[in-house]
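Please look at the sequence and the 3D structure below before reading on. The paragraphs after them go through the fold step by step.

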Amino acid sequence: KAVVSTQSTGMKKHKEALKVLTKALEQHPKHPLCKFHKASTLLCLERCDTALTELDELEAITPTESLIYFLKAKIHRKMGNSHLAMMHFSWAMDLDPQGSNNHIKEAIDKHYQSDDISLENS
């Protein structure tokens, strides 16, 4: 019961956050940080297609931000689009070769580790 309660509380907060971010974007439609947080929130609410649309708009505004491609990769991975996920992870790495965003590398490592585990269990 506690887990379900915590999940529903988290879901409620994400929905509230989405309302606030949507309202902020009505005032400032091209605010990059608001768009990124809205896409992240949409991902938490499992609205992947809408999150990708938001990130496409954000990519048009700031095309060299590696975190956009990282989040797109996470979304594609969640949707089961492995090829698109790896493509976006690769672009994120190309934009951030110094590893300023180390979580990108960690996510790729986790992806390969999960593939290795599934191959071993086959």
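Which residues have the most contacts inside the largest nonpolar core? They are Phe36, Leu43, Leu55, Leu58, Ile68, Leu71 and Ile75, and the core they belong to has 19 residues. Before going further, note that this is a predicted model. Helix H2 (32-44), helix H3 (48-61), H4 and H5 are the elements that give two or more residues to this core. H4 supplies the largest share, 6 residues.

The protein chain contains 6 helices and 0 strands. Read from the N terminus, its elements run α-α-α-α-α-α. Of the 122 residues in the protein chain, 31% are buried. The accessible surface of the chain is about 8000 Å², and carbon and sulfur atoms account for 55% of that area. Among contacts with a separation of 6 or more, 45% are between residues 24 or more positions apart.

H2 consists of 13 residues and spans 19 Å from its first C-alpha to its last, close to the 18 Å expected at 1.5 Å a residue. Just after H2, Glu46 has a positive phi of about 60°. The buried residues in H2 are Cys34, Lys35, Phe36, Lys38, Ala39, Thr41, Leu42 and Leu43. An α-helix has 3.6 residues a turn, so residues three or four places apart point the same way.

Leaving aside neighbours within four places in sequence, Phe36 is in contact with Leu55, Leu58, Leu67, Ile68 and Leu71. Of these partners, Leu55, Leu58, Ile68 and Leu71 are also listed among the residues with the most contacts inside the core. His37 also lies in helix H2. Is His37 buried, partly exposed or exposed? His37 has a relative accessible area of 38%, so it counts as partly exposed. In space, His37 and Leu55 are 9.9 Å apart from C-alpha to C-alpha, while in sequence they are 18 residues apart.

Why does Lys38 count as buried? Its relative accessible area is 15%, and buried means under 20%. Apart from neighbours within four places in sequence, Lys38 touches Leu18, Leu21, Thr22, Leu25 and Glu54.

Lys35 has a relative accessibility of 5%, and Glu54 has a relative accessible area of 7%.

Lys35 has a further partner. A salt bridge also connects the side chains of Glu57 and Lys35, at 2.8 Å from N to O. Glu57 has a relative accessibility of 39%, so it counts as partly exposed.

Glu54 likewise takes part in another bridge. The side chains of Glu54 and Lys38 form a salt bridge at 3.6 Å, N to O. Glu54 lies in helix H3 and Lys38 in helix H2, so this pair ties together parts that are 16 residues apart in sequence. Through shared partners, salt bridges join Lys35, Lys38, Glu54 and Glu57 into one network.

The structure holds 2 aromatic pairs. Why is the pair of Tyr69 and Trp91 edge-to-face? The ring centres are 6.1 Å apart and the planes stand at 85°, and planes over 60 degrees apart count as edge-to-face. Tyr69 sits in helix H4 (residues 66-78) and Trp91 in helix H5 (residues 82-95), so this pair links distant parts of the chain, 22 residues apart. Tyr69 is buried, at 7% relative accessibility, whereas Trp91 is partly exposed, with a relative accessible area of 36%.

Technical notes. Residues numbered from 1 in each chain as written. Predicted model: local features only at pLDDT ≥ 70, side-chain atom pairs only at ≥ 80, totals over all residues. Heavy atoms only, no water. Phe/Tyr/Trp six-rings, centres within 6.5 Å; stacked < 30°, edge-to-face > 60°. Helix = DSSP H or I, 4+ residues; strand = E, 2+ residues; numbered from the N terminus. Buried < 20%, exposed > 50% of the residue type's maximum accessible area, 1.4 Å probe, protein only. Core = buried A, V, L, I, M, F, W, Y, C linked by side-chain atoms within 4.5 Å. Contact = heavy atoms within 4.5 Å. Expected span 1.5 Å × (residues − 1). Areas by Shrake-Rupley, 256 points an atom, 1.4 Å probe, with all protein chains shown as cover. Salt bridge = Lys/Arg side-chain N within 4 Å of Asp/Glu carboxyl O.
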